[in-house]
Amino acid sequence: SAGRARRMLALMRGGPKGEGAPLAWRTAAICTADQRGRVGVNNSVSTIKYKLSAFKPWFPYAIIEQFRRAANVYYLVISVAMIIGESAPQLWVTPYASWSTSGVLVFVLILTALKEGYEDLRRYRSDRAENNAKVLARAPQKGPLLCKDLRVGDLVVLRDRQVLPADAVLLTSSAANGVAYVDTANIDGETNLKLREPPLEVAHALGSSEDAAVVGTISFEPPSRHIHNFSGSLKMRDGVEHPLTASSLLLRGSVLRNVEFALAVVVYTGSETKVAMNSTETPSKMSLVERTINASLGAIMVPYLIFTTVSAAIATTSTVQTPYLEDSGGTAVIIPAFLSFWVTFFILYCFLIPISLYVTIEVVNLLQAWLITQDTEMYDPKTNTPAVVRSSN
């Protein structure tokens, strides 16, 4: 009820001593040019993975990430062993040229880093399209405004089936009593429509007009990640304070439904919207296929190390001449013969784990991603929305 909402409002804004510490509420003038932008942040969003500002530059970070794959770590060790064997043959003999492995490893790392960079570029383009989308706003002049330029206190005029560009408080709509319905499937996965109601006195005062004069201030709690909680108050020109609750809040990403228009005042923008505060940075994922391959490589290492150890023991104790396993320059081996032979056989058997395996997987992932984007059964002709692959792994 309105009386209960007022009591809650008084309590949250700081009641008598002992009833809880007051919160630092925000207050913004509605649709006022001289005070615009004083509260909140800009309304741009960013979902890119690699950011210089977060000390995550694309190329170095993408290269480092590739060493979560066991095969890449393995071939890095093999490459180092080959280079050492070529530079210091008195330690061990390298059966293959170092470039045959290190060159392929560098190629795989760069190819994967380029793929990661391309996917992050697509995220950037998607963010740019969302940030540059135009919305009908009164700030204070009525007209199209870029989504990223919305500020707290601006009035937005929303149409049926339009996605909310920011968190906003409903003031009125074309429906009776100014109510509106929203689809929050993009936020919580629920497909049933949610009813949103403005303060009844405000809706009656503004009427069913998107050009209604709105003069006043709005006070509200600081940004939080709780999408079902909201407290605030709306003070119109008559000085009467109207309590606001979560039933009046339209969340960014929700879709307006079943009304011709809705008029709302922006309260949270950009990174301070509830959806943004619940989102996390783009993670570095490993698919089930990659995790399975890592486990399989661990199983392959057992017979691999057995073969290496047995071969080194035979070479050490055998009287048969094996010049192809020894330094052709005649330099004395400065480490135990068994260890020298062990490293040589370790390099010799390295292709038991094929480095081309991950290249094949990356190609398959890219082809599958392309097939998903071309699938006509995953295309919505009504909204001209195809399936979008955000990450190929």
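**Exercise 1.** Leaving aside its neighbours within four places in sequence, which residues is I78 in contact with?

*Solution.* The model is predicted: local features need pLDDT of at least 70, side-chain atom pairs count only at pLDDT 80 or more, and totals for chains, interfaces and linings use all residues. Residues are numbered from 1 along each chain as its sequence is written, and side-chain values use heavy atoms, with hydrogens and water left out. Step one: contact means heavy atoms within 4.5 Å. Step two: with those neighbours set aside, I78 touches T101, Y304, F346, I347 and C350.

**Exercise 2.** Describe the largest nonpolar core.

*Solution.* Step one: such a core is a set of buried Ala, Val, Leu, Ile, Met, Phe, Trp, Tyr and Cys residues joined through side-chain atoms within 4.5 Å. Buried means under 20% relative accessible area, exposed over 50%, partly exposed in between (1.4 Å probe, protein chains only). Step two: the largest core has 27 residues, and Y74 and I78 have the most contacts inside it. Step three: helix α3 gives the largest share, six residues. Step four: another core lies apart, with 25 residues, including I30 and V157.

**Exercise 3.** Which strands pair with β13?

*Solution.* Step one: helices (H or I, at least four residues) and strands (E, at least two) are DSSP runs, numbered from the N terminus; two strands pair if DSSP finds at least two bridges between them. Step two: β4 (residues 155-159) runs antiparallel to β13, with five bridges, and L158 stands opposite A262. Step three: β5 (residues 167-173) is also antiparallel to β13, over six bridges, and V169 has V265 as its bridge partner. Step four: in β13 (residues 261-268), eight of eight residues are buried.
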